[in-house]
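Let's take a walk through a protein model together. Keep the picture open while you read, and look up each spot as we get to it.

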Amino acid sequence: MVKYNAAGRTLFFPEERMNEMTVIRKCTAVLVSLMTLVTPVLAEETPTMDPQETEEPEEEVYAVDLETDYAVLIELGSGAVLFEKQGDEPGDPASLVKIMTVLLAAEQLPDEDNLTMSSAAFQSYSHDQGVLWIQQGETLSVKDCEYASMLASANDTCAMLAEGAAGDIPSFVKKMNERASEIGLRNTHFENPFGTSAAGQYSTAYDLALLTRAAMKNNRFQTIFGASSYTLNPTNMQPQSRPIANDCELLRSGAYQYENALGGKIGSTPANGYALAACAEKGATGLIAVVMHEGTAEAAYRDVEALFEFGFENAQTITITPEDIGTRTVTVNEGKRHVADVVFSADSSFSILMPKGMDAERITSEIVVQNENSTDPERITANVVFLLDGEEVDSAPLTATIIREPEKEPLNYF
């Protein structure tokens, strides 16, 4: 977490987040302590105070000047936190809830299947706003419902997805909370699939970033999340195609379009303002930014862009390939008999998140074998160890390929 204390002017990481600074197989290895990642935005020196004067509470100074008090920036591949401002403070997620709704639909429903608006689904949401005016008995494809739910934040198509995936809305909400637990959302609870304000429905900027990261691993979701527009097909009750634009202006031509955006979802509630989750990529570096409780949509767009620019200006990603790591072969003997060879190799590349401008040659790797002298090839394991200036900073297990020596047939002298 990139956050500065105005008094001590020191960067600090909460202990509960340190486990995020680890190698993520087939995704991203976070090898470099992000404590050296950025140049801090610091307050002026605190003047010497008269002992009799009342000391004012010290104000925390953040590396990014934001209009909201609820924000987080994480690296897409690893989930490493680059910036946080009350990221664990529960708040109203608004229609960012639909990220979970569409993710579950993408995971559980074939997009070519059809869904029909039932009476129960029709009665599950408010018809005052946030709808496409889908009628009872109207049939849409799962794909059309997913795009309408994400881009137009349509509650009616959300209800259809929820019922299609779970049979009814309460069962779907149960699935939402189960999936939240699987992803590791610690301060999130869902009460509906729409994002309309409800007692007991809450999330945090950090949890919503983790949710977005998990959703971006789903190719179908990723495509929907990044669409600037979509055209709904005619239905049994609507003979005309219906074009819809993405509500998130980061993805559309205009004042708030962000050229590096991969996707985005914006929502709002009357009581708690705007929430925005977005993903962007520049070069090999992917980022997710989430803000909550913004006063206006414009403020949300400004803050997310500021977070992205902060991340791209201060972080870089390099790739270490299996060829860079190489292989290592361990010969297994039992006495004088050759039993097997165990060949260790990496089956995927590792992306390294590190400070911008840092010499990539400072990162090296080596293969370290455990139980090398064992006569049982199954017990021999190995890790690739990553080093910064010769000092180990992280590691990941390697794949073992066992090539056994064929047993020789006993000689038959008769």
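First, some ground rules. This is a predicted model, so local features are described only where pLDDT is at least 70 and side-chain atom pairs only at pLDDT 80 or more, while totals for chains, interfaces and linings use all residues. Residues are numbered from 1 along each chain as its sequence is written, and side-chain values use heavy atoms, with hydrogens and water left out.

**The whole chain**

The protein chain has nine helices and 18 strands. Both kinds of element are DSSP runs numbered from the N terminus: helices are H or I with at least four residues, and strands are E with at least two. Of the chain's 414 residues, 50% count as buried. Buried means under 20% relative accessible area, exposed means over 50%, and partly exposed is in between (1.4 Å probe, protein chains only). Now take the contacts between residues at least 6 apart in sequence: 63% of them join residues at least 24 apart. Contact here means heavy atoms within 4.5 Å.

Find helix α3 (residues 142-151) and helix α4 (residues 155-166), which pack at an angle of about 135 degrees with their axes 8 Å apart. That makes α3 oblique to α4. For the angle classes, under 35 degrees is roughly parallel, over 145 roughly antiparallel, 65 to 115 roughly perpendicular, and the rest oblique. The axes are lines fitted to C-alpha atoms over the stretch in contact, and angles run from 0 to 180 degrees between N-to-C directions.

Which residues make the contact? On α3 they are V142, C145, E146, A148 and S149, and on α4 they are T157, C158, M160 and L161. By class, this contact has six nonpolar, two polar and one charged residues. (Ala, Val, Leu, Ile, Met, Phe, Trp, Tyr, Cys and Pro count as nonpolar, Asp, Glu, Lys and Arg as charged, and the others, Gly among them, as polar.)

In the loop between α3 and α4 you'll find S153.

**An enclosed helix and its partner**

Next, look at α6. Eleven of its eleven residues are buried, so α6 is largely enclosed by the rest of the structure. Among them are Y206, D207 and R213.

The side chains of T188 and D207 are joined by a polar contact of 2.7 Å, and the T188 side chain makes another with the side chain of S203 (2.7 Å). A polar contact is a pair of N or O atoms within 3.5 Å; within protein, one must be able to donate a hydrogen and the other to accept it, and residues adjacent in sequence count only if both atoms are side-chain atoms. Leaving aside neighbours within four places in sequence, T188 is in contact with Y202, S203, T204 and D207.

| Residue | Relative accessibility | Counts as |
|---|---|---|
| T188 | 10% | buried |
| A245 | 42% | partly exposed |
| A94 | 1% | buried |
| S153 | 10% | buried |

A245 is in strand β7 (residues 242-245). Its contacts, apart from neighbours within four places in sequence, are L151, S228, S229 and R252.

A94 sits in the loop between β3 (81-85) and α1 (97-108). Its phi is near 50 degrees, a positive value in a residue other than glycine. For S153, phi is near 55 degrees, again positive in a residue other than glycine.
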